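Trainee: Could we go through this structure together, one step at a time? I would like to learn how each answer is reached.

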Amino acid sequence: MFDLRDLYQQVIVDHNKSPRNFGKLADFNHEADGYNPLCGDKLHVYLKVNDAGVIEDVSFEGEGCAISVASASLMTDALKGKTMQESEDMFGHFQHMATSELDEAPDEEVLGKLTVLAGVREFPSRIKCATLCWHTLLAAVKDRPEPAKTE
Ligand code: ZN
C-alpha cells in the first residue's frame, strides 16, 4: 500500500503549502512547460540566465500533487546562483537518488536539502512527479517549444 506518512515528510508538506519562488518572473529569458501525464502534474518554469551561464533567478507556476510542487520549490531554491553545468550535474545526482537502491545514502554534499525527496524511490509512480521540474528546467534552457514530458 502507498503509505503517505513515509513520503510526506515535514519539509515536503511545508514546501507544498507555501512553495518558494512561485509565480512568473518579471524578467526572464527562458521558459518551458512540463507535464506528467501519469499524475496530471503541470509546471511552467521561468529562468533568467546571464551571459556567464549563471542562473540569476528561477521560478515556477503550475498545479500538481504535493511531490511535484515541493520538488519544484526545492529545486528553484537550490539552483539560484548555480551555473547551468552545476545544475545539470545536480539533476544527474537527483535522478540517481530517485532511482537508487533504498540502502544507498544520497549525496548530501551535492544535493543538500533535495535529499528529503529520497523517499520517492520507494514509490516508483512518484519518481516522475519529483523529476518533472528538472525535465522542465532542461527544456527551458534549450528553449524547446513543446512541453517537457516525463514519458
Ligand atoms: Zn504527481
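Mentor: Let us begin with a term: a strand here is a DSSP run of type E with at least two residues, and strands are numbered from the N terminus. Please also keep in mind that this is a predicted model.

Trainee: Which strand holds Asp-33, and is Asp-33 buried, partly exposed or exposed?

Mentor: Asp-33 lies in strand β1, which covers residues 30–36. Away from its sequence neighbours up to four places off, Asp-33 touches Leu-43, His-44, Thr-136, Pro-147 and Ala-148. Buried would require under 20% relative accessible area and exposed over 50%, so Asp-33, with its 38% relative accessibility, counts as partly exposed.

Trainee: How many residues apart are Cys-65 and Cys-129, and where does each one sit?

Mentor: Cys-65 is in the loop between β3 (55–63) and α3 (66–79), whereas Cys-129 belongs to helix α6, residues 124–141. Both Cys-65 and Cys-129 are buried. The pair links distant parts of the chain, with a separation of 64 residues.

Trainee: Which element supplies the largest share of the largest nonpolar core?

Mentor: That core has 41 residues, and those with the most contacts inside it are Ile-67, Leu-79, Phe-94, Leu-114, Leu-117 and Trp-134. At least two of its residues come from each of β2 (41–49), β3, α3, α4 (84–99) and α6. With 10 residues, the largest share comes from α6.

Trainee: How are α3 and α6 placed relative to each other: roughly parallel, oblique, roughly perpendicular or roughly antiparallel?

Mentor: Two packed helices are described by the angle between their axes and by the distance between those axes. For α3 and α6 the angle is about 40°, and the axes are 8 Å apart. An angle under 35 degrees would count as roughly parallel and 65 to 115 as roughly perpendicular, which means that α3 is, relative to α6, oblique.

Trainee: And what is the arrangement of α4 relative to α6?

Mentor: Here the axes are 11 Å apart and the angle is about 160°. Among the residues that make this contact are Ser-87 and Phe-94 of α4 and Trp-134 and Leu-137 of α6. Because angles over 145 degrees are classed this way, α4 is described, relative to α6, as roughly antiparallel.

Trainee: How far apart in space are His-93 and Pro-106, C-alpha to C-alpha?

Mentor: His-93 is found in helix α4, and at 31% relative accessibility this residue counts as partly exposed. Beyond neighbours within four places in sequence, His-93 is in contact with Asp-107, Val-110 and Leu-111. His-93 and Pro-106 are 13 residues apart in sequence, and their C-alpha atoms are separated in space by 8.3 Å.

Definitions and conventions:
Residues numbered from 1 in each chain as written. Predicted model: local features only at pLDDT ≥ 70, side-chain atom pairs only at ≥ 80, totals over all residues. Heavy atoms only, no water. Helix = DSSP H or I, 4+ residues; strand = E, 2+ residues; numbered from the N terminus. Buried < 20%, exposed > 50% of the residue type's maximum accessible area, 1.4 Å probe, protein only. Core = buried A, V, L, I, M, F, W, Y, C linked by side-chain atoms within 4.5 Å. Axes fitted to C-alpha atoms, helices over the stretch in contact; angles between N-to-C directions. Contact = heavy atoms within 4.5 Å.
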